[in-house]
Amino acid sequence: MRSRSSHILVAVVAAVAFLPVLAVDYVLDGYVKSRETQKLQAAVDAITHDSQIIVQDAVQALRVILHHSPSLCTPTFFSNVNAQLQRSRFVRQIAVENAEGIQYCAAYDGVVNYRALSESLAIPGHTEVLSVVELEGEDHSILKISQRFGGNRTVSAFVEAVPLVTRDVPLVVGNMRHLVVSLTNGAPVVLRGDAVDAAPSSNGDYILARSFAGDIPLKAEAGVSFETVRAGYAELDIGLTLVACLLGVTLLLLALQFARRSNLPSFEIERAIVAGEMKPYYQPVINLKTGKLIGCEVLVRWVKRNGEVVPPGAFIDYAEISGLAVPMTLSLMEQVRFDLEELCAEVPDFKVSINLFEGHFRDGSIVEDIQSIFGGSGINYRQLVFEITERRPLDDKDAVNTVVSAMHKLGVRIAMDDAGTGHSNLAYLQTLGIDIVKIDKIFVDMIRDANVPVPVIDGLIAMAKDMDIEIIAEGVETQEQALYLRSKNVFLAQGYLFSPPVKLSSFLTLANALKPQARRSNFGDDLAA
């Protein structure tokens with residue numbers, strides 16, 4: 001093994017002199033992709049932000065009209081409508097119709113001729129509904145926001161969802177080769193470029209960005225050709241290449257010294273992530289009362305090409321310190337979606353727990369990652385549980401609370417892992433909005449006899465119950481521990497008594513044998529008597 005490693009090291013060092021030149025394109029491609037992705041994301045966020053403002057403006061207009069109009073299609077009604085049309089920059093038309101679509105009146109003379117292109121979607125937190133329509137004589141779709149009035153009549157406002165896009169304003173559209181603005185059920189509002197035929201995939205040829213319009217059921221996706229934007233950096237490419245050539249000899253000497261002293265742990269971990277060697281293993285969560293499988297915790301294992309399985313203790317700390325824990329978690333989430341989508345769709349109350357790290361809470365991107373990976377998949381947001389470890393402090397409490405709040409809005413639940421071993425306290429758990437507390441194995445190991453009290457365990461259980469937080473016991477390895485926990489009304493547990501973390505095929509075999517009847521509930525509903 002040492003001889004083989006030495007040969008590899010010699011080959012790497014010999015190539016170091018050429019790395020600066022060879023790396024120019026790679027580094028510049030990464031820079032271009034990052035910079036252009038940020039620019040594209042800003043443009044897509046602007047589109048959804050504008051759409052949100054436009055819809056909210058139409059909702060406000062409808063509410064003002066109806067509040068000040070005791071009846072419809074009267075002079076008072078038209079006066080209120082005209083006032084709102086003059087006030088609003090976005091509302092193009094107001095119409096009154098019945099459930100069969102027969103129109104009683106409109107803001108402007110005549111009938112509003114339109115064709116419905118989608119079903120109506122409820123706007124969360126509002127009584128209005130949203131749909132996509134096409135006005136006669138128009139070459140693009142618009143939005144229809146409707147509010148019921150009385151028993152059989154509806155007042156609707158017609159607005160352009162993204163007027164700057166429909167008018168192809170260069171500042172917004174820019175180099176976009178692909179643009180889709182649609183309702184969250186997939187009904188298209190705006191299609192541009194390649195989106196007319198087929199959406200491009202997120203690969204080296206395209207840069208993609210996605211955004212959601214807050215509480216409005218509308219989303220946007222845009223793509224630009226990487227080749228097109230890369231061409232704009234030609235002068236920078238030449239300059240970097242010249243600098244790389246001048247530094248080649250110097251870097252050769254530095255690389256030789258570095259190669260002698262370092263085994264490049266971060267490089268190995270990053271390579272393993274890219275190569276797909278970081279694999280999810282699944283440990284079952286069992287209901288001690290029914291014996292049924294109600295969920296699992298996803299745990300990472302480094303499965304090397306030669307079949308060697310590296311436990312997380314050998315690399316997790318370094319991955320977290322180096323920042324590689326974030327892309328590693330994203331890779332695991334994508335694999336979990338593929339692995340468990342069918343099981344979660346079959347058993348709607350099945351829960352999947354995924355561990356997060358402190359780095360996930362610094363910029364809040366984990367929320368967008370969850371939406372991007374699990375949105376529209378067979379794994380519902382309410383089936384996801386994300387675990388925060390207590391062993392490391394979460395210094396920026398405001399950032400953590402912001403992320404947790406956003407995750408709760410999706411329907412995701414939050415668990416505090418390793419409870420009682422780290423930096424949190426009772427007050428912080430209450431403000432953080434923790435849904436589940438996981439009792440660490442070091443406390444479960446204190447249980448020697450099912451009939452002998454363990455004050456530490458009892459205190460943790462009492463604390464969680466006082467806060468109305470669910471409890472899961474980790475590291476359950478003996479029958480006595482399971483009996484003690486069940487006697488304390490702690491029914492959810494995981495540990496080697498039931499199964500160690502196993503690869504997918506073994507877990508699915510176990511799941512098919514132990515899964516409960518499919519029905520909807522929360523993580524703790526399986527505890528119901």
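1. Two strands pair if DSSP finds at least two bridges between them. Helices (H or I, at least four residues) and strands (E, at least two) are DSSP runs, numbered from the N terminus. Here, strand E16 (residues 384-389) and E17 run parallel, joined by 5 bridges. Val385 faces Arg413 of E17 as its opposite residue.

2. A word on the model. It is predicted: local features need pLDDT of at least 70, side-chain atom pairs count only at pLDDT 80 or more, and totals for chains, interfaces and linings use all residues. Residues are numbered from 1 along each chain as its sequence is written, and side-chain values use heavy atoms, with hydrogens and water left out.

3. Stay with strand E17 (residues 413-419). Of its 7 residues, 7 are buried (under 20% relative accessible area; exposed is over 50%, partly exposed in between; 1.4 Å probe, protein chains only). E17 is also joined to strand E18 (residues 436-439) by 3 bridges, and these two run parallel. Ala415 stands opposite Ile436 in E18.

4. Now an open sheet. It has 4 strands in the order E9-E8-E11-E10, with antiparallel pairing. Strand E9 (188-193) and strand E10 (206-212) are the edges, each pairing on one side only. E8 (residues 176-183) is joined to E9 by 5 bridges. In that pair, Leu179 is opposite Arg192 of E9.

5. Next, the cores. A nonpolar core is a set of buried Ala, Val, Leu, Ile, Met, Phe, Trp, Tyr and Cys residues joined through side-chain atoms within 4.5 Å. The largest has 62 residues, and Leu340, Val352, Ile370, Phe386 and Phe507 have the most contacts inside it. Another core lies apart from it, with 54 residues, including Val44 and Val189.

6. Helix H10 (residues 325-346) packs against helix H17 (residues 504-514) at about 10°, with axes 11 Å apart. Axes are lines fitted to C-alpha atoms, for helices over the stretch in contact; angles run from 0 to 180 degrees between N-to-C directions. H10 and H17 are therefore roughly parallel (under 35 degrees; over 145 is roughly antiparallel, 65 to 115 roughly perpendicular, the rest oblique). Asp339, Leu340 and Leu343 of H10 meet Leu504, Phe507, Leu508 and Ala511 of H17. Contact means heavy atoms within 4.5 Å.

7. Last, Gln84 in helix H3 (residues 75-87). Is Gln84 buried or exposed? Gln84 counts as buried because its relative accessibility is 11%. Leaving aside neighbours within four places in sequence, Gln84 touches Ala61, Val64 and Ile65.
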